[in-house]
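Hi,

Here is the structure I promised to pass on. Have a look at it first, and then read my notes below.

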Amino acid sequence: MPQATPRRLPATPDATQLLAGPALTPIALIRAMVMAFDARGMDPSAALAQAQITPAQLRNPTGRITAAQMEVISGAAMRELDDEALGCFARPLPWGSYGLLARASLSSPTLGVALKRWCRHHGLLAPDATLAVEVSGEVVSIALHLHRDPGPMAELCAVSLLRNIHGLASWYVDSRIALLGAQFPYAAPPHAEAYAVLFDGPTRFDAEHAAIHFDARYLSLPVRRDEAAMNQLLQRALPLTVRSYRRDRLLVQRVRQMLASRPQDAHNANDLAALLNTSPRTLHRQLKDEGASLQSLKDESRRQRATEMLLRTKRPIKQVAEAAGFQNEKSFMRAFKGWTGKSPGEWRGQ
């Protein structure tokens, strides 16, 4: 999603910067870029050299590169080929195409509107691919339907395009959008385990089409960016597609929903983090960023569940305690008195 300005090569990070961090990106994606050079009769060696990717790495079927290397090779290949789609579509997308798409959706009031506009406009640039925002209940999918077989470019096409729109969507609303899963219309590659890094949630292969799935409530978040922020982003947009956005503005709501719908499965941070496809450390950090804590949300959920049951049912206090997620009646009574100043029995009879 680079900027719509005359092409110019950016300063290349030194080898130390490029090789810093874990090497998790499959080299198979880079081999697909090399195919795009070959199809144009062009030499990829300069772009590979900028990213410190050696011929030996390219030949290694299990090879990996760092996020910084992926950013550099992607940018260099897009500039040299003058094709931001990297040969994935029948018609090249000249340098600046994705920047124009991003800018065209910037005035949208919500993420849902922005994504629908982006997908519609993308179809005008690349008619051999259709992107659609599909809502089914509480889950939204961004589905990629291809109208021509991309052949050996299939993986690069699906991964890069879905990573692109996921990163842009997160940037629009200033929030990490936690994925519920992803699917791809090809067999699991030898490096299938790398998809856990590329996409949150479980990944399904041999699907009918490519798609990413996330909570539909993200669609109602307002677009928080303006023209100044867009200009700044377009100076260096590629990190959006190779590095995950960290903050999740729906996390508090998602935690509340999980605590309410599955209280028996969310006793502690480890269990809850697993249900939300994140780590306990990330869960605590992001809740803190949102001005909340797991303990306060658990107390809120337990209190709401307990008070509703005390008011609407005649179930014994022990059963209410269990349903609210307490291990025993004594700890429930102590917590309830701390919340209300009264015992459960006194509160029910008031």
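What follows is a short tour of a helix pair, a hairpin and one leucine.

Keep in mind that this is a predicted model.

Let's start with the helices. α12 covers residues 251-261 and α15 covers residues 294-312; their axes come within 10 Å and cross at roughly 45°. With angles of 65 to 115 degrees counted as roughly perpendicular and those under 35 as roughly parallel, α12 is therefore oblique to α15. The crossing of the two is right-handed. On the α12 side, the residues that make the contact are V252, V255, R256, L259 and A260. They meet L294, L297, K298, E300, S301 and R305 of α15. Sorted by class, that contact has 6 nonpolar, 1 polar and 4 charged residues.

Next, the hairpin. Strands β3 (residues 129-136) and β4 (residues 139-146) run antiparallel and are joined by 8 bridges. If you want a place to start looking, T130 stands opposite H145 in β4. There are 2 residues between the strands, and G137 in the turn has a positive phi of about 65°.

Last, L180, which you will find in strand β5 (residues 179-183). Beyond its neighbours within four places in sequence, L180 is in contact with V139, D200, G201, P202, H213, F214, D215 and N277.

Cheers

Definitions and conventions
Residues are numbered from 1 along each chain as its sequence is written. This is a predicted model: local features need pLDDT of at least 70, side-chain atom pairs count only at pLDDT 80 or more; totals for chains, interfaces and linings use all residues. Side-chain values use heavy atoms; hydrogens and water are left out. Axes are lines fitted to C-alpha atoms, for helices over the stretch in contact, and angles run from 0 to 180 degrees between N-to-C directions. Helices (H or I, at least four residues) and strands (E, at least two) are DSSP runs, numbered from the N terminus. Angles under 35 degrees count as roughly parallel, over 145 as roughly antiparallel, 65 to 115 as roughly perpendicular and the rest as oblique. A crossing is left-handed if the near helix is turned anticlockwise from the far one by less than a right angle, and right-handed if clockwise. Contact means heavy atoms within 4.5 Å. Ala, Val, Leu, Ile, Met, Phe, Trp, Tyr, Cys and Pro count as nonpolar, Asp, Glu, Lys and Arg as charged, and the others, Gly among them, as polar. Two strands pair if DSSP finds at least two bridges between them.
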